[in-house]
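Visitor: I have a structure to go through with you. Can we take it piece by piece?

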Amino acid sequence: MKKNKLTPYLLIAPTFVLFTIFFLFPLFYSFSLTFVEWNGFAIDKTFVGVSNYLRLFKDEDFINALKNTITYALWTVPLSVSISLVLSYILDEKVKGFQALKGIFFLPHIVSLVAVGVVWSWIYLPDKYGLLNVILAFFGIEIHQWLHDPDLALISLVIIGVWKSIGYNMVIFIAGLVAIPKSLYEAAEIDGAQGLQRFVYITLPMLKPTIFFVMVSSTIYSLFQIFDIVKVTTNGGPIGRTEMLVTYLYKVGFTNYEMGYASAIAFVLFAITVLITIVQKKFIEEK
């Protein structure tokens, strides 16, 4: 009998040990570093209290990176969620080539972020050599220095982010749409509801949990998964207009070797993610 009571704990023990070693320990160790000054190599660390957090308020580079990250997320998340929702709704109507279109839309999601950055760097090439400028010139539209213009660089990254995330969001939305009982639409048709009315009064309310999940995952993706694309395309330029928190964190930690300050930036980014998730949850529940 005693052996049977221990069996569940023994079964989960390996997972718990691995979780502790590779998640909990790094998490708490990184949090402890936010209170010290350390270059990553020295044996001794200097305790500085909350100085690393107070320094954030005076660091213009951090404020610039925070501003760029929030702007990028505010553009990328609503655009990718709304576009993927509309496309999913259209595909759910079983249009011709439904399965092939799903595969085509999902393809960008499985491509590595570095490869995506390289390909879009070619597309955004300045002057007459970039694919996008060639297309614009064909229609008589003025060409631009997409990744080198301070006013266009962040917008160019937003386009990449939306293009990259639409396929994944569509898969989630299509799964949610399939789960909605068809009898609701049939009853609405009998009552005279039109297409837009069925979408507003049936599809959106029934998809609320799915929309919340997609918004949260898209937010996390836009905050954390932008590192590779920025490093490959702009490296934070021009004049810091595409510097993100994750790229600034990397420079502070692995170029300036300020591990304590870099850890403080990481936990601020974590706090922002949690805060945005709570706000999104409240917003979805109220709707």
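Guide: The side chains of Lys 251 and Glu 243 form a salt bridge, at 2.6 Å from N to O. Keep in mind that this is a predicted model.

Visitor: Is Glu 243 buried or exposed?

Guide: Glu 243 counts as buried, because its relative accessibility is 10% and the cut-off for buried is under 20%.

Visitor: And Lys 251, buried or partly exposed?

Guide: Lys 251 is partly exposed, with a relative accessible area of 24%.

Visitor: How many salt bridges does the structure hold?

Guide: The structure holds 2. In the other bridge, Glu 258 meets Arg 55 through their side chains, at 2.8 Å from N to O.

Visitor: Where do Glu 258 and Arg 55 lie?

Guide: Glu 258 is in the loop between α12 and α13, and Arg 55 is in helix α2, so the pair ties together parts that are 203 residues apart in sequence.

Visitor: What is the relative accessibility of Glu 258?

Guide: It is 24% for Glu 258, which counts as partly exposed. Arg 55 also counts as partly exposed, at 35%.

Visitor: Let's go inside. Which residues of the largest nonpolar core touch the most other members?

Guide: Phe 62, Met 244 and Ile 265 do, in a core of 44 residues.

Visitor: Which helices each supply at least two residues of this core?

Guide: Among them are α2 (51-56), α3 (60-91), α7 (153-178) and α13 (259-286). Helices α11 (227-233) and α12 (245-254) are also on that list.

Visitor: What does Phe 62 touch?

Guide: Skip the residues up to four places away in sequence. Phe 62 then touches Leu 56, Leu 245, Tyr 248, Tyr 261, Ile 265 and Val 268.

Visitor: How many residues are in the second core?

Guide: That separate core has 15 residues, including Val 77, Leu 177, Ile 211 and Val 214.

Visitor: Where does Thr 210 lie?

Guide: Thr 210 is in helix α10, residues 208-224. Thr 210 counts as buried, at 16% relative accessibility.

Visitor: What is Thr 210 in contact with?

Guide: Setting aside neighbours within four places in sequence, Thr 210 contacts Ile 172, Phe 173 and Gly 176.

Visitor: Now the rings. How many aromatic pairs are there?

Guide: The count comes to 13 aromatic pairs. One of them joins Tyr 89 and Phe 199 edge-to-face, with 4.8 Å centre to centre and 70 degrees between the planes.

Visitor: Which helices hold Tyr 89 and Phe 199?

Guide: Tyr 89 is in helix α3, and Phe 199 is in helix α9 (residues 195-206). The pair links distant parts of the chain, 110 residues apart.

Visitor: Is Tyr 89 buried or exposed?

Guide: Tyr 89 counts as buried, at 16% relative accessibility. Phe 199 counts as buried too, at 16%.

Visitor: What about Tyr 124 and Trp 146?

Guide: That pair is tilted, because the planes of the rings are at 35 degrees, with the centres 6.0 Å apart. Tyr 124 is in the loop between α5 and α6 (131-138), and Trp 146 is in the loop between α6 and α7. They are 22 residues apart. Both Tyr 124 and Trp 146 are buried.

Visitor: Which residues do ring pairs link into a cluster?

Guide: Phe 31, Phe 35, Tyr 53 and Phe 267 are linked that way.

Visitor: Over to the surface. Which residues form the nonpolar patch?

Guide: The patch is formed by Val 114, Val 118, Val 119, Trp 122, Leu 125, Tyr 129 and Val 232. Together they have about 640 Å² of accessible area.

Visitor: Which helix gives the most to the nonpolar patch?

Guide: Helix α5 (residues 113-123) does, with 4 residues. Val 114 has its place in helix α5. Val 114 is partly exposed, with a relative accessible area of 43%.

Visitor: One more spot. Where does Glu 37 lie?

Guide: Glu 37 is in strand β1, residues 36-37. Glu 37 is exposed, with a relative accessible area of 54%.

Visitor: What is Glu 37 in contact with?

Guide: Leaving out neighbours within four places in sequence, Glu 37 contacts Lys 45, Thr 46 and Val 48. The C-alpha atoms of Glu 37 and Ser 51 are separated by 9.3 Å, and the two residues are 14 residues apart along the chain.

How values were computed:
Residues are numbered from 1 along each chain as its sequence is written. This is a predicted model: local features need pLDDT of at least 70, side-chain atom pairs count only at pLDDT 80 or more; totals for chains, interfaces and linings use all residues. Side-chain values use heavy atoms; hydrogens and water are left out. Patches are made of residues with over 30% relative accessible area and no salt bridge: like charges are joined within 9 Å, nonpolar side chains (Val, Leu, Ile, Met, Phe, Trp, Tyr) within 5 Å. Accessible areas come from the Shrake-Rupley method with a 1.4 Å probe; for residues, only the protein chains shown count as cover. A salt bridge is a side-chain nitrogen of Lys or Arg within 4 Å of a carboxyl oxygen of Asp or Glu. Buried means under 20% relative accessible area, exposed over 50%, partly exposed in between (1.4 Å probe, protein chains only). Contact means heavy atoms within 4.5 Å. A nonpolar core is a set of buried Ala, Val, Leu, Ile, Met, Phe, Trp, Tyr and Cys residues joined through side-chain atoms within 4.5 Å. Rings of Phe, Tyr and Trp (its six-membered ring) pair if their centres lie within 6.5 Å; planes under 30 degrees apart count as stacked, over 60 as edge-to-face and the rest as tilted.
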